[in-house]
Amino acid sequence: KGLWSAACAAIRAHPRYGGLELQPQMGLLPLGADPHSGLWEFAHLQSGAPAARGDDGKLVLDEETGIVLVLVPGGSFAMGAQATDPAAPNHDPQCANDESPVHAVELSAYFLSKYELTQGQWLRVAGRNPAGYAGSRYQSTWNRTGHPWTPLLPVEQVSWHDCVELLARLDLGLPTEAQREFAARGGTTTVFWTGNDPSSLQGAANVADSFGKANGNASWVGWETAVDDGYSTTAPIGSYRANPFGFHDVHGNVREWCADGSDPEF
């Protein structure tokens with residue numbers, strides 16, 4: 001209770017939250033503000049042990065770490081992408097038709113996971129690990145350093161319904177597409193939060209890259225040959241630098257479900 005009250009007082013005084021009032025949340029432990037983004041973060045205790053901060057202020061993760069939620073400030077942003085005007089926001093020459101038109105969206109403050117859900121977290125809650133890159137199936141040759149499987153790898157091979165059911169057990173839910181895009185952009189309007197050129201993803205994302213092509217995945221369709229992320233499959237969460245809001249792996253690693261449905265007419 002004392003930690004929650006102190007967190008609320010700090011958040012009310014925080015210029016990015018505009019005096020936001022938080023209701024007491026069962027099972028959330030304030031971890032303080034991220035030194036990079038300035039946004040407040042909370043440990044979700046039902047999903048595992050709270051992450052600790054190292055001497056540099058960054059979170060230290062291990063196989064018992066639970067979900068870390070970032071309190072994202074509300075605000076308006078330009079959602080979507082467009083391929084027609086290089087001078088306008090969110091220009092992406094390769095965007096799909098259903099990403100247009102770019103339009104203004106207003107969001108209230110919300111919580112979103114700082115990292116992708118891990119295999120270890122899924123196993124603790126569901127009692128099974130459905131991931132294709134799990135346990136004895138994982139090969140140390142799939143990464144440059146030769147490290148073995150770790151429960152910090154993101155979970156995959158889970159359906160939308162699987163995620164909705166499991167998150168409901170934790171009193172959580174999937175984000176809307178708008179919430180996910182706002183957090184992933186981190187205040188940027190470029191193709192990637194790192195910039196417009198795919199080479200800017202170096203050190204920020206795990207994608208189909210030169211390492212993967214040279215280590216077992218030469219049959220993949222597309223490549224970012226200017227990037228070498230050291231993995232030919234998924235990478236442990238937090239392996240690469242965070243975006244301006246403190247989120248990791250918003251590009252690459254695994255695809256992420258949203259709460260919204262998809263309508264091809266829009």
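**Figure 1. The second largest pocket of the predicted model.** In this predicted model, the second largest pocket holds about 290 Å³ of space. Its lining comprises 16 residues, and those nearest the centre of the pocket are K58, K114, Y115, A242 and H248. By residue class, the lining of this pocket divides into 8 nonpolar, 3 polar and 5 charged residues.

Figure 2. Rolling a probe the size of a water molecule over the atoms shows where empty space is left. The count of cavities of 30 Å³ or more comes to 1, and the largest cavity contains about 50 Å³ of space. The lining of this cavity is formed by L61, T65, G66, I67, V68, S113, Y115, E116, Q121, L152 and I237. These lining residues divide into 6 nonpolar, 4 polar and 1 charged.

**Figure 3. The aromatic pair W40 and F42.** A pair of aromatic rings is described by the distance of the centres and the angle of the planes. The model has 6 aromatic pairs. One of them joins W40 and F42 in a tilted arrangement, with 6.3 Å from centre to centre and 40 degrees between the planes. W40 counts as buried because its relative accessibility is 13%, and F42 is likewise buried, with a relative accessible area of 0%. Together with F111, W40 and F42 form one aromatic cluster.

**Figure 4. The aromatic pair F77 and F182.** The rings of F77 and F182 form a tilted pair, 5.1 Å centre to centre, with 55 degrees between the planes. This pair links distant parts of the chain: F77 belongs to strand β6 (residues 75-79) and F182 to helix α4 (residues 177-185), 105 residues apart. F77 has 10% relative accessibility and therefore counts as buried. F182 is also buried, at a relative accessible area of 9%.

**Figure 5. Nonpolar cores.** In soluble globular proteins, nonpolar side chains tend to be buried together. The largest nonpolar core has 39 residues, of which F42, V72 and F247 touch the most other members. Leaving aside residues up to four places away in sequence, V72 touches Y17, A109, Y110, L112, F182, F245 and F247. A second, separate core consists of 8 residues, including L31, A51, Y115 and L152.

**Figure 6. The cis peptide bond at P101.** Most residues other than glycine have a negative phi, and most peptide bonds are trans. The bond joining S100 and P101 is cis, with omega about 0 degrees. P101 is placed in the loop between β6 and β7 (103-107).

Figure 7. D171, a residue other than glycine, has a positive phi near 60 degrees. The place of D171 is the loop between α3 (160-169) and α4. D171 counts as exposed because its relative accessible area is 66%, above the 50% cut-off. D249 also has a positive phi, about 60 degrees, although it is not a glycine. D249 lies in the segment after α5 (210-214). At 2% relative accessibility, D249 counts as buried, since buried means under 20%.

How values were computed
Residues are numbered from 1 along each chain as its sequence is written. This is a predicted model: local features need pLDDT of at least 70, side-chain atom pairs count only at pLDDT 80 or more; totals for chains, interfaces and linings use all residues. Side-chain values use heavy atoms; hydrogens and water are left out. On a 1 Å grid over the protein atoms alone, a cavity is a set of points where a 1.4 Å probe fits but cannot get out, and a pocket is an open set with protein on both sides within 12 Å along at least five of seven lines; lining residues have an atom within 4 Å of a point. Grid points are joined across faces, edges and corners, and a volume is the space filled by probe spheres set on the points. Ala, Val, Leu, Ile, Met, Phe, Trp, Tyr, Cys and Pro count as nonpolar, Asp, Glu, Lys and Arg as charged, and the others, Gly among them, as polar. Rings of Phe, Tyr and Trp (its six-membered ring) pair if their centres lie within 6.5 Å; planes under 30 degrees apart count as stacked, over 60 as edge-to-face and the rest as tilted. Buried means under 20% relative accessible area, exposed over 50%, partly exposed in between (1.4 Å probe, protein chains only). Helices (H or I, at least four residues) and strands (E, at least two) are DSSP runs, numbered from the N terminus. A nonpolar core is a set of buried Ala, Val, Leu, Ile, Met, Phe, Trp, Tyr and Cys residues joined through side-chain atoms within 4.5 Å. Contact means heavy atoms within 4.5 Å.
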